[in-house]
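Subject: Structure handover

Hello,

Here is the structure for your work. My notes follow below it.

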Amino acid sequence: MHTVLTRGNATVAYTLSVLACLTFSCFLSTVFLDYRTDANINTVRVLVKNVPDYGASREKHDLGYITFDLQTNLTGIFNWNVKQLFLYLTAEYQTPANQLNQVVLWDKIILRGENAVLDFKNLNTKYYFWDDGNGLKDNRNVSLYLSWNIIPNAGLLPSVQATGKHLFKFPADYATSSI
């Protein structure tokens, strides 16, 4: 006959196998959902200054300063498999030195059950908008994108970009007032 340990091992192994199959089935129920939604982004104030960057060197680099409006409704993204969203606003632009520059300017975490309707006015950036040279002054191709990472209960960690973007330009002269 089998011992108590052998029977307990078989019961635990069978239970874990069933739970793994159920978790995978639940993951399959949400893997093909479209998590994109529209986001409206507008810039309110746009400045650029040429200031020394003491973090890397003492050379002067461009520092962009923007305030923005953000409106989006993310309630349709939440389902049983979405634990939280990590939102971030990214600026993308091109300079003669670099084909693609990406800077994260703002982020926010939204947990399941929290208000997922965002309507922000005159919001400041959370992080500095540094350029690694002087590529922001008179740059006419700066795009703002809202993206998010979905933190699920089970499955993949998708990164999704909103369907709206905002294009703006920095002024041709440096701001002289303090930020």
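This is a predicted model: local features need pLDDT of at least 70, side-chain atom pairs count only at pLDDT 80 or more; totals for chains, interfaces and linings use all residues.

Cysteines. A disulfide joins the sulfur atoms of two cysteines covalently. The cut-off applied here is 2.5 Å between the sulfur atoms. Searching the whole structure gives zero disulfides. C21 takes part in none, its nearest cysteine sulfur being that of C26 at 11 Å. C21 has 52% relative accessibility and so counts as exposed. C26 has a relative accessible area of 34% and is therefore partly exposed.

Annotated segment. An unreviewed UniProt entry lists residues 12–35 as "transmembrane region". In the model, 71% of that span is helix and 0% is strand. The C-alpha atoms at the ends of residues 12–35 are 36 Å apart.

Sheet. There is an open sheet of four strands, ordered β4-β3-β7-β8, with antiparallel pairing. Its edges are β4 (101–111) and β8 (159–168), each of which pairs on one side only. On average, neighbouring strands in this sheet are turned by 20° against each other, with direction ignored. Seven bridges connect β7 (residues 142–152) to β8, in the antiparallel sense. As for individual partners, S147 is bridged to Q161 in β8.

Regards

Technical notes:
Residues are numbered from 1 along each chain as its sequence is written. Side-chain values use heavy atoms; hydrogens and water are left out. Buried means under 20% relative accessible area, exposed over 50%, partly exposed in between (1.4 Å probe, protein chains only). UniProt positions are given in the numbering used here, feature names are shortened, and annotations may be inferred rather than shown by experiment. Helices (H or I, at least four residues) and strands (E, at least two) are DSSP runs, numbered from the N terminus. Two strands pair if DSSP finds at least two bridges between them. Axes are lines fitted to C-alpha atoms, for helices over the stretch in contact, and angles run from 0 to 180 degrees between N-to-C directions.
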